[in-house]
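The following note sets out points for a colleague reading the structure. Each numbered paragraph takes up one topic.

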Amino acid sequence: MESHNGADGLLERMNSWFAELAGWCFDRRYLVSGLCLALFVGSGLIASQVGTDASFEAYFDETDTTFLAYESYRDDFGSDEVAYIGFELPNLEHGPWNVDAMEALVSLTEALEDEVPFVYSVTTLANAELTVGSEDGIDISEIRDAMPLTQAELLALRDVYLGKPLLVGGIINEEADFGSIMIKMDRSSTDPPDEIVWDPEKGDELENLYPQVSDAKITEILARPEYSSFEFFLSGDVPLNAYFNRILFVEPFVLLLIELAVISIVLLIAFRSLVSVITPALVMVLTITMTVALMALLGFKIDLSFSSAPTLLMAIGVAHSVHILSEFRSRFFALRDRREALRQTLYLVGVPCLLTAVTTAVGFAAMSFVPIKSIAEGSVYKAFGVLAAFFLSLTLLMSLLSFGRKEPRHSVAPLADVSAKGGRWIQGGLRWAAQFNIDHTRLLIGVFSFFIVVFGIGASRVIADSNWLSDFWPSSALHQNIVRVDDELGGSTNIIYLFDAKEPDAIQKPAVLREIERVQNLADEESWLVRKSYSIVDIVKDLNQSFHGDDPAFYRIPDSHEAVAQLLLLYEFSGGEETEEYVSSDYRHANLELRLRLAPTSETANLVDKLNRSLSERPLEVTTSSVTGIGALWIKLMDYIVSSQIQGIVIAVSVITLIMIAIFRSAKIGLISMVPNLAPIVLALGAMGWLGISLDYNKVTIAAVALGISVDDTIHLMSRFHHEFGRHRNYRRALHAALADVGRALVITSIALVLGFLVLMASELRSQAYYGMLLAGALVTALIADFFFMPSLVLWLEPFGPEEELADGRPRESDQQQWTGPEQTTGR
């Protein structure tokens, strides 16, 4: 065809190159297939070496200042990972204080101490330190050392324990009918792999690593018959991280198989050919294998960001196959020559597929610059996976389609061509869509403008917030356990205030202790969120009360440094060991741990803001403080989410727009192409705003990804629209021709993508289900916008140039043949 603008020359050269690539793959189909098989085997071997990391710390770079503060805390006070297990005995009188129950709890405590891998300490009613006054000063005892006890003796002890503020709300609730088991670990999920292997002979298999091996042993011990009267509620870091690890290793691939089955059914219905089902599946399996292999090579781990990756790549990658298969069937029936059909197929869809791969990869890669480590890494390997799917669609898929009959079975080409393009019903629907755009151009533009305004208002209502509890369905056991433990006892997460007294032994000074106590009292006022607080102050006040005959009036900080030092020395001589959890060995640093209900991060941020305002109004005089702990990391992550969302959208929109302008050599065409793609972004964010769904770490990529995926259909339709206008020089006839050729493929790919993303609704994680639902809704909106908004804009603005109406309404003579690529060659 003739060149009508500067874009045509470049597009023609690229089209011709893709046609030659198709011919090359056909001629060397055995070589290409063999190389892809070798690539699959090699990638599989490398992929098997990839590691996992389900910890929260996976979101932070090792140079992040907030993360470094957290690591500094752990250097002084050890790992803060725990298994926090609530329990009750509903069928026993006196509950935990029943003599038989206490004997079982003693046995359970010792079993956990002796058998759980990587355990640091276990604290229960059976071995919690009870400090009471004695003739010699104080006496520190444990219930298990006093066993056996009569029921009356145990109930008397219950009254003593309930009089200890340090214990109530931590290991026993105020009603004395719900207890806890606090298992502190000496490992962290972020420790080097060689430090979390339990049995060297079993190697680094998942169930032999922390926290899986610890969680498995805890669960096994709790399930023993001797503890059948207990009802346990597991919460805390160990069961949570172990649960996430199982999901990361199992669920993505289970969902992948479901999605593969769903997409295969769609392809079988659409193309009525097993070849059209098997070939895309092979392409996608190799794509995902290569993606995981890249992760292993770059040192990335399978983390929480990976859970949706296989489903995303499967859904996105199959779109290339659908366009290629749809065009190939049409060309094969028309030309009756397999090689030439493949060449013409890539001539027409090679450039659009390239553009869609690049724009989708840009949508992912736009998030690679964000400060959230796992999301940045995920953006890199997902972008690679998109490009790998494109590369394999042009090589492996071409070589696989090279095998088979040289000519189609059908002998009636016109009927076969109609079938290849979707049959009379689909073609009728596409003709209606084209004519509706022509007849109602301004109405459609008005409707979509109203849609964007309404959902744009919703998008402005979106708030950035996070809550791990919302990751789980309310019906899940873990969700219910966490809620129950949070309601009854200390919370499932924490923030920690670190105090620096500036010199050794200074923590023992009353002035320092009072500053810690002031912050602790302020925090305790927020009783719904702060379920329990712990500090060295609690131990000192308890010691002072015990030393003075358990008089409640002495539950306070002594007046002199010497008195505090003597109490702590007496405590150590009496066998007390708990101070090491709250002060450094030189008594220069101390920590205040606030155990929090697992609530939205905004609640934690409000608490920290309140404490900071108080400290600003009345600054600390003899200490300095800083905030760390899991809760502080959540607050920092929330700040990252806001900046990452804005940064990701700006980068994705800017780069994709420049790509569209460059490929069409026209700012007008590029900008018009982008306008309809605002609809899926606005829908996704607007729906979140109107439905009250917060923007969290799982959904931070949704706008950039929705744009990167939704622009694919726009590229295919705009490219074909532009191509057909070059033939017809008439916008209306060009729209009819474009939709007739690519409309069916757009519908099939959209159905495959939507159903693929809806597979995420089967996830055990509610956050993943919402992610899939929002993306599916965005893509439905994108398809509607591409069929009823973008064509209207083109008809209205005429970006391809002026029309050249012909008297007989036919295309120009030089454009009678749709195939305008290199000279046809006969296939072998």
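Predicted model: local features only at pLDDT ≥ 70, side-chain atom pairs only at ≥ 80, totals over all residues.

**Notes on the model**

1. Tyr 587 counts as buried, at 8% relative accessibility. Its phi is positive, about 60°, although Tyr 587 is not a glycine. The residue is found in the loop between α19 (561–573) and β11 (589–596).

2. Lys 502 is in the loop between β9 (493–500) and α17 (510–524). With a relative accessibility of 49%, Lys 502 counts as partly exposed, whereas Tyr 587 counts as buried.

3. Two cis peptide bonds deserve attention when the backbone is inspected. One runs from Met 147 to Pro 148, with omega near 5°; Pro 148 lies in the loop between α5 (143–146) and α6 (151–162). Another joins Tyr 210 to Pro 211, again with omega near 5°, and Pro 211 lies in the loop between β6 and α7.

4. An open sheet is formed by 4 strands with antiparallel pairing, in the order β3-β6-β2-β7. Strands β3 (119–123) and β7 (231–236) stand at the edges with a single partner strand each, so one side of each has no neighbour in the sheet. From one strand to the next, the twist averages 20°. Within the sheet, β2 (residues 82–88) and β6 (residues 179–185) run antiparallel and are joined by 6 bridges. Tyr 84 stands opposite Met 182 in β6.

5. Helix α7 (residues 212–222) packs on this sheet and touches β2, β6 and β7. The direction of α7 makes about 165° with that of β7. Helix α16 (residues 477–488) lies across β2 and β7, and runs at about 90° to β7.

6. Which residues have the most contacts inside the largest nonpolar core? They are Tyr 497, Ile 507, Ile 536, Leu 594 and Phe 757, in a core of 215 residues. Helix α12 (residues 373–401) supplies the largest share of this core, with 15 residues. For Ile 536, the contacts beyond four places in sequence are Ile 507, Leu 513, Ile 516, Leu 568, Thr 579, Tyr 582, Val 583 and Ala 590. Another core, of 47 residues, lies apart from the largest one. Among its members are Leu 112, Met 147, Leu 209 and Val 213.

7. Is Thr 345 buried or exposed? The relative accessible area of Thr 345 is 0%, under the 20% cut-off, so Thr 345 counts as buried. Thr 345 belongs to helix α11 (residues 338–365). Leaving aside neighbours within four places in sequence, the residues in contact with Thr 345 are Ile 324, Glu 327, Phe 328, Arg 331 and Gly 350.

8. The count of aromatic pairs comes to 27. One of these pairs, Phe 118 with Trp 198, is edge-to-face, at 5.1 Å centre to centre and 75° between the planes. The pair links distant parts of the chain, 80 residues apart: Phe 118 is in the loop between α4 (99–115) and β3, and Trp 198 is in the loop between β6 and α7. Phe 118 counts as buried at 7% relative accessibility, whereas Trp 198 counts as partly exposed at 43%.

9. Phe 230 and Phe 232 form a stacked aromatic pair, with 5.4 Å centre to centre and 0° between the planes. Phe 230 is buried, with a relative accessible area of 7%. Phe 232 is buried as well, with a relative accessible area of 16%. Elsewhere, ring pairs link Phe 253, Phe 300, Phe 306 and Tyr 381 into a cluster.

10. Charged side chains also sit over aromatic rings. The charged end of Arg 29 is placed over the ring of Phe 26, 4.7 Å from its centre. Over the ring of Tyr 534 sits the charged end of Lys 532, 5.7 Å from the ring centre.

Technical notes. Residues numbered from 1 in each chain as written. Heavy atoms only, no water. Pairing = 2+ DSSP bridges. Helix = DSSP H or I, 4+ residues; strand = E, 2+ residues; numbered from the N terminus. Axes fitted to C-alpha atoms, helices over the stretch in contact; angles between N-to-C directions. Contact = heavy atoms within 4.5 Å. Core = buried A, V, L, I, M, F, W, Y, C linked by side-chain atoms within 4.5 Å. Buried < 20%, exposed > 50% of the residue type's maximum accessible area, 1.4 Å probe, protein only. Phe/Tyr/Trp six-rings, centres within 6.5 Å; stacked < 30°, edge-to-face > 60°. Lys NZ or Arg CZ within 6 Å of the ring centre and 35° of its normal.
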